[in-house]
Amino acid sequence: MVSAAEAQRLRHVDVLGVYVGSGTEHDRAVATSAVPAIRSASEALLSVALAPSGPVTTEAVHQTVRDLRPDYFEFTAVDPEKTADVHRQTELLEEIDVPKVANGFFLLADDLSLTDRADYLGLLRAAGVVLFQVELESVVDADCRISASGRKAIASMFADVPVLISDRFRRISDVPDLGQRGVSFNLGNDGAVNYDHSTRSMSLSRVLRATSVPERR
């Protein structure tokens, strides 16, 4: 979310996310000063992520939380195999006194290893993570469809873990019920690389169509 105008057009969603930075890190990073107008344009909850122009420190996060008072703090989870990074991440999360949203997770037709990461996901939940954003590839696209056994493993994971999913669906109504809490969208040029390393960006008009809200002309 980069403007109050976008927020107004998406005022029917539950949570709006903003990526706070100088604008040099990503073309959809916004200045701290722009966030209040975005928030006031909608009754949705606010999730804030910090652009990593340098190490994301506890002090930087605390300052952002004090200034913006978000409902959620969003971050990209580190590789669970990197023990030292996991330890630093956990210490930082435990210092942040707002619910967290973890992104950067994928479930692919040829890689469902996340379903075996219950210990890591449990560690994140213990540190205050209340939602996980997971990109699927795919439960709707026949060209890269996750197998029936894979969907069963995913549904078992989603029964225990609060997840928001993205996939190649055109409308929310196309999304099968795997036990997910909801869906998520990254606004941007179609196919652009997002701040969370996903390449599944969608234009505002496509998001409006997907959520069954006609585009204003």
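This is a predicted model: local features need pLDDT of at least 70, side-chain atom pairs count only at pLDDT 80 or more; totals for chains, interfaces and linings use all residues.

Which residue in β5 does Thr-76 stand opposite?

Reply: Thr-76 stands opposite Asn-103 in β5. Residues are numbered from 1 along each chain as its sequence is written, and side-chain values use heavy atoms, with hydrogens and water left out.

The strands β4 (72-76) and β5 (residues 100-108) run parallel and are joined by 4 bridges; here strands (E, at least two residues) and helices (H or I, at least four) are DSSP runs numbered from the N terminus, and two strands pair if DSSP finds at least two bridges between them. Both belong to an open sheet of 8 strands with parallel pairing, in the order β2-β1-β3-β4-β5-β6-β7-β8. Because β2 and β8 (182-183) each have a single partner strand, they stand at the edges, and one side of each is left without a neighbour in the sheet. In general, the strands of a sheet pair through backbone hydrogen bonds, either parallel or antiparallel.

The loop between α3 (58-68) and β4 holds Asp-71, whose side chain meets that of Arg-39 in a salt bridge at 2.8 Å, N to O (a side-chain nitrogen of Lys or Arg within 4 Å of a carboxyl oxygen of Asp or Glu). Arg-39 lies in helix α2 (residues 35-40), 32 residues apart from Asp-71, and the pair thus links distant parts of the chain. Asp-71 is partly exposed at 25% relative accessibility, and Arg-39 is also partly exposed, at 27%, where buried means under 20% relative accessible area, exposed over 50%, and partly exposed in between (1.4 Å probe, protein chains only).

By this rule the count comes to 6 salt bridges. Among them is the one between Glu-6 and Arg-28, with the closest N and O atoms 2.7 Å apart, which joins helix α1 (residues 4-9) to the loop between β1 (15-20) and β2 (29-30) across 22 residues. Glu-6 is buried at 13%, as is Arg-28 at 16%. Asp-85 and Arg-88 form another, at 2.2 Å between the closest N and O atoms; being 3 residues apart in helix α4 (residues 83-94), they are separated by about one helical turn. Finally, Glu-137, Asp-141 and Arg-168 are linked in a network of salt bridges.
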